[in-house]
Amino acid sequence: MNTPAHLLTGAALFGRKGGKGPLWAATFGGMLPDLSLYIMVIWGLYIEGVSPSVVFRERYFSDEWQQIFAIDNSFPIWICLLALAIWSKRKWAIALCASSLLHVGMDFLMHAGDGRPNFWPFSDWVFDSPVSYWNTRYHAHWLAPVNFLASLVSFIVLWRMCKWKGRVFYGLLITAEVFAIWRLFAFF
C-alpha cells in the first residue's frame with residue numbers, strides 16, 4: 001500500500017474508539033514503518049544531493065538501509081510492542097502498535113522484489129510476494145483499485161467521525177492516494 005493508504009486504513013480500523021488520542025496514534029502508527037524510509041530519502045535527495053536513481057536503485061537495497069528497514073518493519077518487534085501496550089492498557093499505544101503491525105502485514109503481502117526482512121532479529125529472510133501494490137509487472141493494476149477502495153472506505157469512516165480539521169487532514173491523505181493511483185495508471 002502507499003503510505004497515505006496505510007494512514008487511512010490504520011486510523012479507520014484502530015482509531016475509532018477512545019477519542020482523539022487513539023485516532024491520531026493510529027494515524028501515526030500507519031506511518032511509523034515507513035518513517036525511516038522518508039527520512040533517508042529526503043536526506044539523500046535534498047541534503048546530500050544524490051540522484052533519485054541512486055537513492056531508489058542502490059541505497060534502498062543497500063545492507064545499511066535494509067538493516068534499518070528490518071528494525072522498523074519487524075513483526076516480532078511490533079508484536080512485542082503491541083503486547084506491552086495491551087498489558088499497560090493504554091488505548092493510544094494499542095492503536096499505534098496495531099496500526100503499525102497492520103502496515104507491516106500489508107507490506108509483507110504486497111512487496112514483490114522489494115520486500116523487507118520482516119522477521120528480524122530472528123531471520124534476515126525476505127518474502128518475495130507474487131503481487132505488488134505499485135509494480136504492474138506483479139499485478140498492481142489489479143491490486144491498486146482494491147487498495148484504493150480500502151482507502152476510500154476508510155476515508156468515509158474518518159470523515160463521518162471527525163470535525164473539520166480531521167476532515168481536512170484525511171482529505172489530503174485521500175487526495176495523495178488518488179494522485180498515487182493516477183500516477184500508477186498513467187504509466188501503465
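Is His 139 buried, exposed or partly exposed? His 139 turns out to be partly exposed, at a relative accessible area of 40%; here buried means under 20%, exposed over 50% and partly exposed in between, with a 1.4 Å probe and protein chains only. The views below come from a predicted model, in which local features need pLDDT of at least 70, side-chain atom pairs count only at pLDDT 80 or more, and totals for chains, interfaces and linings use all residues. Residues are numbered from 1 along each chain as its sequence is written, and side-chain values use heavy atoms, leaving out hydrogens and water.

**View A. Two residues with positive phi.** Most residues other than glycine have a negative phi, and most peptide bonds are trans. His 139 has a phi near 70 degrees, a positive value, and belongs to the loop between H6 and H7. Helices are DSSP runs (H or I, at least four residues), numbered from the N terminus. Lys 89 also shows a positive phi, near 60 degrees. Look for Lys 89 in the loop between helix H5 (75-88) and H6, where this residue is exposed at a relative accessible area of 70%.

View B. Trp 120 and Pro 121 are joined by a cis peptide bond, with omega about 10 degrees. Pro 121 sits in the loop that runs between helix H6 (91-109) and H7.

**View C. Asn 135, a buried loop residue.** Asn 135 is located in the loop between H6 and H7, and its relative accessibility of 7% makes it buried. Its side chain reaches the backbone nitrogen of Arg 137 at 2.9 Å, a polar contact (a pair of N or O atoms within 3.5 Å; within protein, one must be able to donate a hydrogen and the other to accept it, and residues adjacent in sequence count only if both atoms are side-chain atoms).

**View D. The buried side of helix H4.** In H4 (residues 63-72), the buried residues are Trp 65, Gln 66, Phe 69, Ala 70 and Asp 72. What covers them includes helix H2 (20-47), helix H3 (52-59), H5 and H6.

**View E. A nonpolar surface patch.** Leu 149, Leu 152, Val 153, Ile 156, Val 157 and Met 161 make up this patch, with about 460 Å² of accessible area together. The areas come from the Shrake-Rupley method with a 1.4 Å probe, and for residues only the protein chains shown count as cover. Leu 149 is placed in helix H7 (residues 140-161).

Methods: Patch = residues over 30% accessible without salt bridge, like charges linked within 9 Å, V, L, I, M, F, W, Y side chains within 5 Å. Salt bridge = Lys/Arg side-chain N within 4 Å of Asp/Glu carboxyl O. Contact = heavy atoms within 4.5 Å.
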